Amino acid sequence: MSEGKVKEDPVKMHKDANTLMEIGKYKEAMEIFLKTADLYKKVQNFFDAATMYYKAGECGYALKDYEKAIEHFTKSAELSFQKGFDRYGVSALEYARDCHKALGNKKEVSKLEKKIKDVKAKLENSF
């Protein structure tokens, strides 16, 4: 028998977090999205892990906690680019750029603009 620890179900957690997000409970949703991302990573479901970081970023953005949002969107982008989900990574970078804009970080905005442009050019040339 197990040692009393309930196995966490990332699919259920994913759905619960989405529900919380839909009703505007962004802080609670963000916490669950981050836990779910870790669970998905453990089982090597990298696309869903990247998605969970992205959703956590959206929650941070909705809360106007742009620093946290940047952190989560950046994690989503990094994981996406590592695993070849480049278009998803670009989307996460665009959101991170928007957070930097909201914070007035012009230097970071222009660094991200360049990176987004470079990745998009690479994607266009790969077809």
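Predicted model: local features only at pLDDT ≥ 70, side-chain atom pairs only at ≥ 80, totals over all residues.
Local features are taken at pLDDT of at least 70 and side-chain atom pairs at pLDDT 80 or more, while totals for chains, interfaces and linings use all residues. Residues are numbered from 1 along each chain as its sequence is written, and side-chain values use heavy atoms, with hydrogens and water left out. Helices are DSSP runs of H or I with at least four residues, numbered from the N terminus.

**Helix α3**

- Helix α3 covers residues 46–62, a total of 17 residues, and reaches 24 Å from its first C-alpha to its last. This is close to the 24 Å expected at 1.5 Å a residue, where the expected span is 1.5 Å times one less than the number of residues.
- Its buried residues are Ala49, Ala50, Thr51, Met52, Tyr53, Tyr54, Ala56, Gly57, Glu58, Cys59 and Gly60; buried means under 20% relative accessible area, with a 1.4 Å probe and protein chains only.
- These buried residues pack against α1 (10–22), α2 (26–42), α4 (66–83) and α5 (86–103).
- Just after α3, Lys64 adopts a positive phi of about 60 degrees.

**Packing of α2 with α3**

- The axes of α2 and α3 lie 8 Å apart, and the packing angle is about 165 degrees. Axes are lines fitted to C-alpha atoms over the stretch in contact, with angles from 0 to 180 degrees between N-to-C directions.
- The two helices, α2 and α3, are therefore roughly antiparallel, a term for angles over 145 degrees.
- The crossing of α2 and α3 is left-handed, meaning that the near helix is turned anticlockwise from the far one by less than a right angle.
- On the α2 side the contact (heavy atoms within 4.5 Å) includes Tyr26, Met30, Phe33 and Lys41, and on the α3 side it includes Phe46, Met52, Tyr53 and Cys59.
- By class, the contact of α2 with α3 comprises 14 nonpolar, two polar and four charged residues. Ala, Val, Leu, Ile, Met, Phe, Trp, Tyr, Cys and Pro count as nonpolar, Asp, Glu, Lys and Arg as charged, and the others, Gly among them, as polar.

**Packing of α3 with α5**

- The axes of α3 and α5 come within 11 Å and cross at roughly 20 degrees.
- Helices α3 and α5 are therefore roughly parallel to each other, a term for angles under 35 degrees.
- The crossing of α3 and α5 is left-handed.
- Phe47, Ala50, Thr51, Tyr54, Glu58 and Tyr61 of α3 make the contact with Tyr88, Ser91, Ala92, Tyr95, Asp98 and Cys99 of α5.
- The contact of α3 with α5 has eight nonpolar, two polar and two charged residues.

**Helix α5**

- The end C-alpha atoms of α5 are 26 Å apart, in agreement with the 26 Å that its 18 residues should span.
- Buried residues of α5 include Asp86, Tyr88, Arg97 and His100, and the elements covering its buried residues include α3, α4 and α6 (106–125).
- Just after α5, Gly104 has a positive phi of about 80 degrees.

- Phe73 is in helix α4 and counts as buried because its relative accessibility is 0%.
- Leaving out residues up to four places away in sequence, Phe73 touches Tyr53, Tyr54, Gly57, Glu58, Tyr61, Ala92, Tyr95, Ala96 and Cys99.
- Phe73 and Tyr95 are 22 residues apart along the chain, with a C-alpha separation of 6.9 Å.
- Ser76 also belongs to α4 and is buried, with a relative accessible area of 0%.
- Neighbours within four places in sequence aside, Ser76 is in contact with Ala50, Tyr53, Tyr54, Tyr88 and Ala92.

Technical notes:
Buried < 20%, exposed > 50% of the residue type's maximum accessible area, 1.4 Å probe, protein only. Parallel < 35°, antiparallel > 145°, perpendicular 65-115°, else oblique.
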